[in-house]
Amino acid sequence: MGGKKVCIVGSGNWGSAIAKIAGSNAARLSTFENQVNMWVLEEEVGGRRLTDIINTEHENVKYLPGHKLPPNVFIGKVCDQLKGHLKKDAVGVSLIKGVDEGPDGLRLISDIIHEKLGIEMSVLMGANIASEVAEEKFCETTIGCKNMQHGQMLKELMQTPNFRVTVVQEADTVEICGALKNVVAVGAGFCDGLGYGDNTKAAVIRLGLMEMIGFAKLFCKGPVTSSTFLESCGVADLITTCYGGRNRKVAEAFAKTGKSIEQLEKEMLNGQKLQGPPTSAELHRILKSKNVVEKFPLFTAVYRICYEGKPVTDIIKCLQNHPEHM
């Protein structure tokens with residue numbers, strides 16, 4: 001029997017960076033089939049189909065320009081539904097840093113995928129800016145996997161000398177970190193736009209981390225331990241996002257220009273989407289339903305600035321009056 005088939009679903013900058021790693025590892029490891037497929041949403045770039053460009057030039061010129069993908073990464077058209085086309089023992093790993101709002105409240109993306117496809121899901125989250133991963137600059141990441149045997153298999157597929165992987169079993173905690181840190185990064189960007197310095201940003205990071213831990217304990221079904229927040233998915237990803245991510249960048253421009261989030265998204269992100277503001281709205285609905293809004297002032301301030309027209313300076317007021325200081 002041959003190795004396991006590997007497919008990357010999605011071809012943004014992060015999907016392309018991971019395809020570069022997984023493609024290279026699959027080509028040299030007998031555990032996996034040599035050919036790695038990438039499924040993408042078809043787009044035109046300069047009059048050519050993006051799939052054709054990647055298949056012939058092995059480069060995602062729109063989302064990850066300047067980085068060649070291994071020649072064993074090929075692209076098929078994105079299918080409307082994956083259901084019915086996967087083996088029952090297929091293992092999925094979500095790299096999506098976000099959450100969804102369902103009729104019963106906040107839902108993890110991995111749970112949604114599991115319900116729709118019926119496959120076991122793990123997650124990969126960490127301080128991983130896609131362009132730096134593609135440039136093979138050293139970084140760490142965290143795989144959250146309840147089945148440690150599958151976790152080790154995924155580690156083998158993903159790990160390189162410059163992309164070091166730690167596997168933990170608190171998969172829900174790992175995933176919620178990847179969503180919540182984007183909200184904190186918006187707050188950090190607001191502070192940057194207002195002209196505050198590194199001391200203020202450090203306070204945003206610390207207080208934001210406290211709210212992340214508090215929300216995880218409120219939301220996650222399984223155990224939530226502080227050690228998971230010390231992995232790359234926690235404090236490391238939070239620091240990176242508050243200094244270098246798109247949520248921080250757009251939030252800074254929002255504070256400086258007064259333009260709407262939607263307008264800045266179109267002007268600055270080359271077709272990509274912000275995760276922080278919509279996640280803050282999803283969080284706010286849950287916190288309100290549980291009557292604990294006052295315990296999460298940073299999350300709440302980001303929501304109200306983004307969606308209720310509150311002044312950006314409210315982010316400083318929320319820091320000054322945070323319950324951690326009372």
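## Cysteines

Cys177 has a relative accessible area of 0% and is therefore buried (under 20% relative accessible area; exposed is over 50% and partly exposed in between, with a 1.4 Å probe and protein chains only). The closest cysteine sulfur to that of Cys177 belongs to Cys233, and at 4.6 Å it is too far for a bond. Cys220 is in no disulfide either, its nearest cysteine sulfur being that of Cys177, 8.1 Å away. With a relative accessible area of 9%, Cys220 is also buried. The structure holds 0 disulfides (a disulfide is a pair of cysteine sulfur atoms within 2.5 Å).

## Model and conventions

The model is predicted: local features need pLDDT of at least 70 and side-chain atom pairs count only at pLDDT 80 or more, while totals for chains, interfaces and linings use all residues. Residues are numbered from 1 along each chain as its sequence is written, and side-chain values use heavy atoms, leaving out hydrogens and water.

## Helix 7 and helix 9

Helix 7 (residues 198-219) and helix 9 (residues 232-244) have axes that come within 11 Å and cross at roughly 140°. Helices are DSSP runs of H or I, at least four residues, numbered from the N terminus; axes are lines fitted to C-alpha atoms over the stretch in contact, with angles from 0 to 180 degrees between N-to-C directions.

Helix 7 contributes Asp198, Lys201, Ile205, Leu209 and Met212 to the contact, and helix 9 contributes Val235, Leu238, Ile239, Cys242 and Tyr243 (contact means heavy atoms within 4.5 Å).

Note on methods: Helix = DSSP H or I, 4+ residues; strand = E, 2+ residues; numbered from the N terminus.
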